[in-house]
Amino acid sequence: FDLELCSCVVNSLSQMAKLGFKRKKKSKASINSEHGDGTQEEQMCEADIKALCEAEDAVMEQQLSVDKDCLAEVRNRSKEEQAKIDMDIAKGVDLFFNNQVARAEEMFKKQATLEPLSAFAYANSQFLRAVMSFAKEDLQVAVDRFSHAVRLSNTIAPDDGYISSITKFVRIKGRKKWSNAELRANVVKALAHAQLGICMLAQESITYYMKAGLAFRRAYNKLMECEQEVASGADEYDENALGCIYYCVGLVNVLLSSLPAKAMKVVSFLGFPCDRKRGFDLIHRSIATDSFATPFAQLSILSH
């Protein structure tokens, strides 16, 4: 009897052990399937995020495309009409200096498809973000936005060809004076090329260093053209365009005059201005215009 009882107990225990082992196998399989579903869900989430980012980029490119039908209106704006439209940019600058960068970008983006200065401000906010992070993606977005600002400016004020450039120097008195919109577009070209040069320097490549030098040269030449245009009469131009010109030309003079004596001789020989006094006078004139460049001009005075 004892032997039979013991055999029954042993059989029951072995069956229970087998059942427990099978349950463990099932639970492991269910856990693995749950993990598999989790990885699939994660992959689906990543794919959705990537698709959303691509859609966002496409919408941004579409929004930043040049609307050629409305450019005639932009070209014919008077400085009084331009001052009303520039109120959004002024609000954006205030928001930017109050550490509300996202809202500032929204204000800049409103007119970024038609207004070169708005397009430049929109690009410049991304440029400052890229300078702080030095991420390649941020730099590329900044380059794309500055390139859009240059394209938009070229549609409003096309660059002269070689023949036009020669006749311009031969017959300066007979050359047609720029409109307010054309001056603003050329100012944006100068500023955008300068910022593109800085973006190219961050790429740390000899090819990009050469491209940066060419971009700086284009920016300087365009800035000198704007200064000559304003010197012949500034009454018909708005304060924002004049403030940017005075600030940029003044800053170039102050920065180059701060170089060591030997380097300054080389720079002067190459034809770049190094007049420190004139530079500060122009920066003070920029402050007096009460334009978008005024806060930056005040910071430049404080830093020196």
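Is leucine 201 buried, partly exposed or exposed, and what is its relative accessible area? Leucine 201 is partly exposed, with a relative accessible area of 37%, where buried means under 20%, exposed over 50% and partly exposed in between (1.4 Å probe, protein chains only). The residue is placed in helix α9; helices (H or I, at least four residues) are DSSP runs, numbered from the N terminus.

The model is predicted, so that local features need pLDDT of at least 70 and side-chain atom pairs count only at pLDDT 80 or more, while totals for chains, interfaces and linings use all residues. Residues are numbered from 1 along each chain as its sequence is written, and side-chain values use heavy atoms, with hydrogens and water left out.

Leucine 201 belongs to a nonpolar patch on the surface, together with Ile198, Ile206, Tyr209, Met210 and Phe216. The accessible area of these residues together is about 590 Å², by the Shrake-Rupley method with a 1.4 Å probe, where for residues only the protein chains shown count as cover. Patch residues have over 30% relative accessible area and no salt bridge; nonpolar side chains (Val, Leu, Ile, Met, Phe, Trp, Tyr) are joined within 5 Å, and like charges within 9 Å. A salt bridge is a side-chain nitrogen of Lys or Arg within 4 Å of a carboxyl oxygen of Asp or Glu. Two or more residues of the patch come from each of α9 (180–201) and α10 (206–231), and α10 gives the most, with four residues.

Aromatic contacts were assigned to rings of Phe, Tyr and Trp (its six-membered ring) with centres within 6.5 Å; planes under 30 degrees apart count as stacked, over 60 as edge-to-face and the rest as tilted. Phenylalanine 120 and phenylalanine 146 form a tilted pair, at 5.8 Å centre to centre and with 45° between the planes. This pair links helix α6 (residues 116–133) to helix α7 (residues 136–156), its members being 26 residues apart. Phenylalanine 120 is buried at 12% relative accessible area, and phenylalanine 146 is buried at 0%. Phenylalanine 146 also pairs edge-to-face with phenylalanine 127, at 5.9 Å and 65°. Because phenylalanine 127 lies in helix α6 and phenylalanine 146 in helix α7, the pair ties together parts 19 residues apart in sequence. Phenylalanine 127 is likewise buried. Elsewhere, ring pairs join Phe96, Phe97 and Phe296 into a cluster.

A charge sits over a ring if NZ of Lys or CZ of Arg is within 6 Å of the ring centre and within 35 degrees of the ring normal. The charged end of arginine 145 sits over tyrosine 122, 3.9 Å from the ring centre. Arginine 285 lies over the face of tyrosine 246, at 4.2 Å from the ring centre.
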